[in-house]
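Please read these numbered points with the model open beside you. They take one element at a time.

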Amino acid sequence: MTQNTLPLDGIRVVDFTQVMMGPCATQMLADFGADVIKIERPGAGDLSRNFFGEPSEAAMNNAVFASLNRNKRSVTIDTKSPEGKEMVYELVRNSDVVVDNFRAGVMKRLGFDYDTLKEINPRIICASGTGYGEKGPYAHKGGQDVLAQAMSGVLEKRQDPSIPQSIYPTTLCDYTAGMHLVQGVLAALLAREKSGMGQKVGVSLYDSMIAMQMQEAAQWNTHGEVLNWAAMPLTGVFDTTDGSLVVVGAFKANPLRDICTALEIDDLSPEYPDLASQRANKPFLQGVFREAFATNTTAHWLERLEAQDLLCAPVRPLGDALADPQTEINEMLIEMDHPFLGKMKLVSSPVHLSDAPVTVRRTPPKLGEHTDEVIAELELAKTAGRAAE
């Protein structure tokens, strides 16, 4: 790979995705060199363009949309019209991957399902992200991040039964499934190198959340026991005089003794020497910890906890994390000049390749910005094909 060549150079992706799960997947493909052509509805586009009130050009190029759509080209197509369908088919003839995150059955109704598209291009890879899968009793239900949290068992878990259940506030399921979608596409591209043929790739929010709980599932299926890492007796979030911190009281020979040392309280480990006794007395132990932590600052307790080699960290807002030197050193922010938002910083890729650093080659596209450009390329491809006959 030469210095200016990205690993997915030469791969063209027809991208029907919108909102989060699909766009975060296709953005990663685009970041590493794929030519991602985003298919959008005329006048409306990706639903993320319309998060913020009445549609306007500025509103349709908002920060949320920008965060998921760099390095892509936007083409507006009426996919229900004969002309629009033919344009999609022509794109498929000249592409490697088609990605969607519609409900099961939508691509078939549009005439863009794998069985149809492989007749046009046997090498095409069709990757679909759904809510629950493409078969079964939930296949045609609307999929969404919070619903997947609830249906998969993730939402039911909490640190303590006294704490109300609550929605995980970041798009945990969408991002996880999006990254699984990337894995599926890359695996299918590698398989095509051997077989010369494309295939169907399927990922769902539901499956991704079940997979995330592989340890918990093994414990339940084998022993009928609930494994809840957040409910461990010596682990918790504790308020201090100026904030809060988290302590993970595990992975040590005697974490209770070390916590007591850090908190400058009597050693409770002789009275509660094992995990069973600590679990049985968790409310008491957590109450002792809570009272002690409330007497001093976060920085004070972090220093003392770290002196005992205990796993701990401050609980802090996103802004603090983004401003942290570690974030900069890890190259997790990428700058660009946006035509509507000005100079802005976006989260970069968490995958770092030494010979293929992520850059902004294209700013997030305006709706339909590249329609004429792509049509001209398709016409050129048709002309070249006729000349070769």
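1. In helix α12 of this predicted model, the buried residues are Lys282, Leu285, Gln286, Phe289, Ala292 and Phe293. Seen down the helix axis, the buried residues of α12 fall within an arc of 125°, so they line one face. Pro283 and Glu291, on the other side of α12, are exposed. An α-helix has 3.6 residues a turn, so residues three or four places apart point the same way.

2. What does the buried side of α12 pack against? Its buried residues pack against strands β7 (236-239) and β8 (244-248), and against helices α10 (255-263), α11 (275-280) and α13 (298-307). The length of α12 can also be checked: at 1.5 Å a residue, its twelve residues (282-293) should span 16 Å, and the end C-alpha atoms are 16 Å apart, which agrees.

3. Helix α8 (residues 205-212) can be read in the same manner. Its buried residues are Leu205, Ser208 and Met209. They cover an arc of only 95° around the axis, which puts them on the same side of α8. The elements that cover the buried residues of α8 include α1, β5, α6 (145-152), α7 and β6.

4. Next, the sheet. Six strands form an open sheet with parallel pairing, in the order β3-β2-β1-β4-β5-β6. Its edge strands, β3 (72-76) and β6 (200-204), each pair on one side only. On average, neighbouring strands of this sheet are turned by 20° against each other, direction ignored.

5. Helix α1 (residues 21-31) packs on this sheet and touches β1, β2 (35-40), β3, β4 and β5 (125-130). The direction of α1 makes about 125° with that of β3. Within the sheet, strands β1 (residues 12-15) and β4 (residues 97-100) run parallel and are joined by three bridges. Val14 stands opposite Val98 in β4.

6. Which residues have the most contacts inside the largest nonpolar core? They are Leu8, Ile11, Val13, Leu29, Ala34, Val97 and Leu189, in a core of 39 residues. Helix α7 (residues 172-195) supplies the largest share of this core, nine residues. Leaving aside its neighbours within four places in sequence, Leu189 is in contact with Leu8, Ile11, Val97 and Ile125. A second, separate core has 23 residues, including Ile77, Val98, Phe112 and Val374. In soluble globular proteins, nonpolar side chains tend to be buried together.

7. Strands β10 (residues 333-338) and β11 (residues 342-347) run antiparallel and are joined by six bridges. They form a hairpin with three residues between them. The bridge partner of Glu335 is Lys345 in β11. Strand β10 has a covered face with Ile334, Met336 and His338, and an uncovered face with Leu333, Glu335 and Asp337. In a regular strand the side chains alternate between the two faces of the sheet.

8. Finally, two backbone angles to look at. Asn71 has a positive phi of about 60° although it is not a glycine; Phe251 is likewise not a glycine and has a positive phi near 65°. Asn71 lies in the loop between α2 (63-68) and β3, and Phe251 in the loop between β8 and α10. Are they buried or exposed? Asn71 counts as buried because its relative accessibility is 2%, under the 20% limit. Phe251 counts as exposed because its relative accessibility is 73%, over the 50% limit.

Key
Residues numbered from 1 in each chain as written. Predicted model: local features only at pLDDT ≥ 70, side-chain atom pairs only at ≥ 80, totals over all residues. Heavy atoms only, no water. Pairing = 2+ DSSP bridges. Helix = DSSP H or I, 4+ residues; strand = E, 2+ residues; numbered from the N terminus. Axes fitted to C-alpha atoms, helices over the stretch in contact; angles between N-to-C directions. Contact = heavy atoms within 4.5 Å. Expected span 1.5 Å × (residues − 1). Buried < 20%, exposed > 50% of the residue type's maximum accessible area, 1.4 Å probe, protein only. Arc of directions from axis to C-beta. Core = buried A, V, L, I, M, F, W, Y, C linked by side-chain atoms within 4.5 Å.
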